[in-house]
Amino acid sequence: MLVLNDVYKTFRMGETQVNALRGVSLELPVAQFSVIMGHSGSGKSTLMHLAGCLDVPTRGQVTYGGMDLTSLNSRERADFRSSDVGFVFQKYNLVSNLTAVENVALPLLLRNTTTKQAHAQAVEALNSVGLQDRMAHRPAKLSGGEQQRVAIARALVNDPTMILADEPTGNLDTATGDRILNLLSQFAGDDKMVLVVTHNPEIADMADLVIYLRDGQVESQQFQEVAR
Ligand SMILES: Nc1ncnc2c1ncn2[C@@H]1O[C@H](COP(=O)(O)OP(=O)(O)OP(=O)(O)O)[C@@H](O)[C@H]1O
Ligand SMILES: [Mg+2]
């Protein structure tokens, strides 16, 4: 279970201060597909970054499986991300001079997997998102939707327990988007935690839990019965 306990995140930019999250408390069980919705600027990406240990809250506590993520040092946070988190960023964040398969293999190589093994697993992950014909392409030679799928393959390749995806289907056509969502929701069925930011109500319909953020606060939470 991922627990956020009265979490605040404040960004300071010179004189101004932005309160991106203002007292967020949430409990997200494993094996659930949860969705975060809310207007632009409501704090969705900020919340995802805290959940995935990419950033630390200004105040409050984040725990995962009972472990206090807010007490980890930067080295321990990096280890946690490498072992447990698969992150699909809003803006892909692919490495431009690496091919698709090299981008996907990267998280494994950072964990000391052998090159051969990393390559094999990267190929498998790219197959699962339908990119078997784009292995050797660099990001600039891929469409937006294809880059997004490489980013998804990269997030899945290290077999994380927590999958965080920030608008993962924003650039995908309906059929591809459906396929990716089925893949993500299947992970929830396999005892992993899946948290997706989306503006798409159809995606929200597939979720066990829909969280609405407004101005950095939880406006509402809706539990749903879904077939998986
Ligand atoms: N690194 C940062 N430095 C300063 N302000 C930031 C930073 N990151 C986010 N913010 C501010 O915090 C608020 C919440 O941002 P966040 O990116 O979480 O919104 P969001 O809900 O993901 O929006 P969108 O739907 O547009 O992606 C915004 O007002 C944003 O400008
Ligand atoms: Mg965002």
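## Basis of the description

Because the model is predicted, local features are given only where pLDDT is at least 70 and side-chain atom pairs only at pLDDT 80 or more, whereas totals for chains, interfaces and linings use all residues. Residues are numbered from 1 along each chain as its sequence is written, while chains are lettered from A and ligands numbered from 1 in the order in which they are written.

## Overall fold

The protein chain contains 7 helices and 10 strands, both taken as DSSP runs numbered from the N terminus (helices being H or I of at least four residues, strands E of at least two). Its radius of gyration is 17 Å, close to the 17 Å that the globule rule gives for 228 residues, so the chain is as compact as a globular protein of that length; the radius is taken over C-alpha atoms, and the rule is 2.2 Å times the number of residues to the power 0.38. Along the principal axes, the C-alpha atoms fill a box of roughly 45 × 40 × 35 Å.

Of the 228 residues, 43% are buried, a residue being buried if 20 or more other C-beta atoms lie within 10 Å of its own, exposed if 12 or fewer, and partly exposed in between, with C-beta atoms placed from the backbone. Among contacts with a separation of 6 or more, 67% join residues 24 or more positions apart, where a contact requires C-beta atoms, placed from the backbone, within 7 Å.

Leaving out residues up to four places away in sequence, L164 touches M48, A51, G52, V85, F87 and L195.

Since 11 of its 13 residues are buried, α5 is largely enclosed by the rest of the structure, and the elements covering its buried residues include β6 (85–88), α3 (100–109), α4 (115–128), β7 (162–166) and α6 (174–189).

## Ligand shell and helix α1

Around ligand 1 there are 13 residues, the closest being F11, A20, S40, S45 and T46; a residue is near the ligand if its C-beta atom, placed from the backbone, lies within 6 Å of it. The elements giving two or more residues to this shell are β1 (2–13), β2 (16–28) and α1 (44–51), and the largest share, 3 residues, comes from α1.

In α1, 7 of the 8 residues are buried, so this helix is largely enclosed by the rest of the structure. The buried residues are K44, S45, T46, L47, M48, L50 and A51, and the helix is followed by C53, whose phi is positive, near 65°.

R214 lies in strand β9 (residues 209–214) and is partly exposed, with 13 other C-beta atoms within 10 Å. Although R214 and S40 are 174 residues apart in sequence, their C-alpha atoms are 9.3 Å apart in space. Apart from neighbours within four places in sequence, R214 is in contact with G38, S42 and E219.

D215 is found in the loop between β9 and β10 (217–223), and its phi is positive, near 50°.

Methods
Two residues are in contact if their C-beta atoms, placed from the backbone, lie within 7 Å.
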